[in-house]
Amino acid sequence: MVCDKTVVCDKTVECDHTVKVLILGGTTESRALASALDTVQGIDTITSLAGRVTRPILPVGQTRIGGFGGPEALAVWLRDNAIDVVVDATHPFASTIGAHAEQATRASGVALLVLTRPPWTAGEGDRWTSVASLPDAASAITPGSRVFLTTGRQGVRYFACVDHSWFLVRSIDPPTGPVPPHMTLHLSRGPFDIDHESTLLADNRIDLLITKNSGGDMTRAKLDAARVTSIPVLVVDRPVRTGSAPTVFDVAAAVDWLANRSSAAS
Ligand code: NAP
């Protein structure tokens, strides 16, 4: 049996046209994409992780860990590793690596696809205030607040100067930089459900939630719990992404895009 190059098949037949895909990862979606592509004939993947988390959940397939050393070094890495396509499946707030991916793919003539989660949007009963940045969120806190801070450990430093409120800080690993003087650290990794989040809000008498607009289901339950209990939320807007790379919002669309590219290249 030979490979039918016009379709994406199940890796059970010999095939000589392989599209090499670098997945910039560190997200649930990047792992789901690596899993989905694992059985696709004609596509080989390698997932890149920044190495921020001490015990990362590894995707299936090949992985590499650590920064590339900037956009020029990334472009060299793409050439050295014969990468055909980069999928930027990083977190919507990982704006530096996103910009580097744009620059490096442009410089090396490699295709780029962005896989990102749709942002969360407020619904009936939500008491959201949008802010442009983490420092803006810190400035918007009313003195005497009891804040549930879910901005990730790298964001905690922006709240270190807020000495008039108490913080419940949730992160996967402990923050490494400065932290607010009045805080309790809660180390935990999602997904979380609404019962868990409601209990956390009630037990800690939280009266303000601060979150980045990360999107996705893994960490959305805190917003549902805040809605039910009518707790106000400061939502940090996503950084604006520049560049012209095509963007998809779910893994199935990314697989289709790559499959079409794989067939067109063969
Ligand atoms: P960032 O600020 O955009 O990137 C900073 C530097 O980290 C980049 O210049 C790059 O170093 C390196 N880097 C980032 N992502 C990388 C990857 N997937 N593979 C190899 N190097 C990478 O990134 P960040 O916000 O610190 O996020 C780091 C990672 O954590 C990302 O992979 C992201 O998906 C994940 N994450 C981020 C958040 C968040 O809120 N920011 C939340 C959950 C998960 P070089 O310049 O040396 O190449």
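Which polar side-chain atom lies 3.4 Å from an oxygen atom of the ligand? The legends below take up this question together with other close-up views.

View 1. The model is predicted, with local features requiring pLDDT of at least 70 and side-chain atom pairs pLDDT 80 or more, while totals for chains, interfaces and linings use all residues. Residues are numbered from 1 along each chain as its sequence is written, and side-chain values use heavy atoms, without hydrogens and water. The atom in question belongs to H100, at 3.4 Å from a ligand oxygen. The side chain of Q154 places an N or O atom 3.3 Å from an oxygen atom of the ligand, and G25 has a backbone N or O atom 2.8 Å from a ligand oxygen. Of the 810 Å² that the ligand exposes when taken alone, the protein buries 79% (Shrake-Rupley method, 1.4 Å probe).

**View 2. The shell around the ligand.** The ligand is surrounded by 23 residues (a heavy atom within 4 Å), the closest being G25, S48, F68, G69 and K212. Strand β2 (43–49) and helix α3 (95–108) each supply at least two shell residues (DSSP runs: helices H or I, at least four residues; strands E, at least two; numbered from the N terminus). The most come from α3, with four residues.

**View 3. Crossing of helices α5 and α6.** The axes of α5 (residues 194–203) and α6 (residues 221–228) come within 8 Å and cross at roughly 60 degrees (lines fitted to C-alpha atoms over the stretch in contact; angles from 0 to 180 degrees between N-to-C directions).

Conventions: A polar contact is a pair of N or O atoms within 3.5 Å; within protein, one must be able to donate a hydrogen and the other to accept it, and residues adjacent in sequence count only if both atoms are side-chain atoms.
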